[in-house]
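Please keep the structure open beside you as you read.

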Amino acid sequence: GCDVEETAFVFQEICHRQQYRYDISFEADTEDGPISDWQSLIDQAVTKACDCLNFPSHSRVIMSGAVVSRPGAEMQNFHVDGKMGELYT
């Protein structure tokens with residue numbers, strides 16, 4: 001098997017490049033339609049962020065996900081994520 005703490009791996013839904021840290025991608029829409037609870041949360045977050053940051057109200061989500069770290073994960077520097085080079089984490 002794969003040691004999920006030590007082995008680096010990359011899949012469409014999750015990747016692991018650093019010990020104790022996982023990047024998880026979420027899709028708001030599925031083949032059966034939108035995931036309403038997740039989409040509602042995304043819509044609320046985008047609306048609040050646009051208000052707080054003075055972004056245009058027509059801003060859109062280009063990707064969504066989460067970085068999950070377990071105790072013992074090293075801190076990361078501010079860096080660009082994503083294929084488009086537009087997401088800073």
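1. A word on terms before we start: two strands pair if DSSP finds at least two bridges between them. Helices (H or I, at least four residues) and strands (E, at least two) are DSSP runs, numbered from the N terminus. The model is a predicted one, in which local features need pLDDT of at least 70 and side-chain atom pairs count only at pLDDT 80 or more, while totals for chains, interfaces and linings use all residues. Residues are numbered from 1 along each chain as its sequence is written, and side-chain values use heavy atoms, leaving out hydrogens and water.

2. Six bridges connect β3 with strand β6 (residues 64–69), and the two run antiparallel. Within this pairing, F26 has S64 in β6 as its bridge partner.

3. On its other pairing, β3 (residues 21–26) meets strand β2 (residues 14–18), again in the antiparallel sense, over three bridges. R21 in β3 is the bridge partner of Q18. β2 and β3 make a hairpin with two residues between them, and Y20 in the turn shows a positive phi of about 70°.

4. Now look at H16, which sits in strand β2. Is H16 buried or exposed? H16 counts as buried because its relative accessibility is 1% (buried means under 20% relative accessible area, exposed over 50%, partly exposed in between, with a 1.4 Å probe and protein chains only). The H16 side chain reaches the backbone oxygen of Q18 at 3.1 Å. Beyond its neighbours within four places in sequence, H16 is in contact (heavy atoms within 4.5 Å) with V4, E5, E6, T7, A8, F9, R21 and Y22.

5. Finally, the aromatic rings. Rings of Phe, Tyr and Trp (its six-membered ring) pair if their centres lie within 6.5 Å; planes under 30 degrees apart count as stacked, over 60 as edge-to-face and the rest as tilted. By this rule there are two aromatic pairs. One is F9 with F11, a tilted pair at 5.8 Å centre to centre and 45° between the planes. F9 and Y22 are also tilted, because their planes stand at 35°, with ring centres 6.5 Å apart. This pair links distant parts of the chain, F9 being in strand β1 (residues 9–10) and Y22 in strand β3, 13 residues apart.

6. Together, ring pairs join F9, F11 and Y22 into a cluster. F9 is buried at 14% relative accessibility and Y22 is buried at 10%, whereas F11 is exposed, with a relative accessible area of 53%.

Terms used. Polar contact = N/O pair within 3.5 Å; in protein donor to acceptor, adjacent residues only side chain to side chain.
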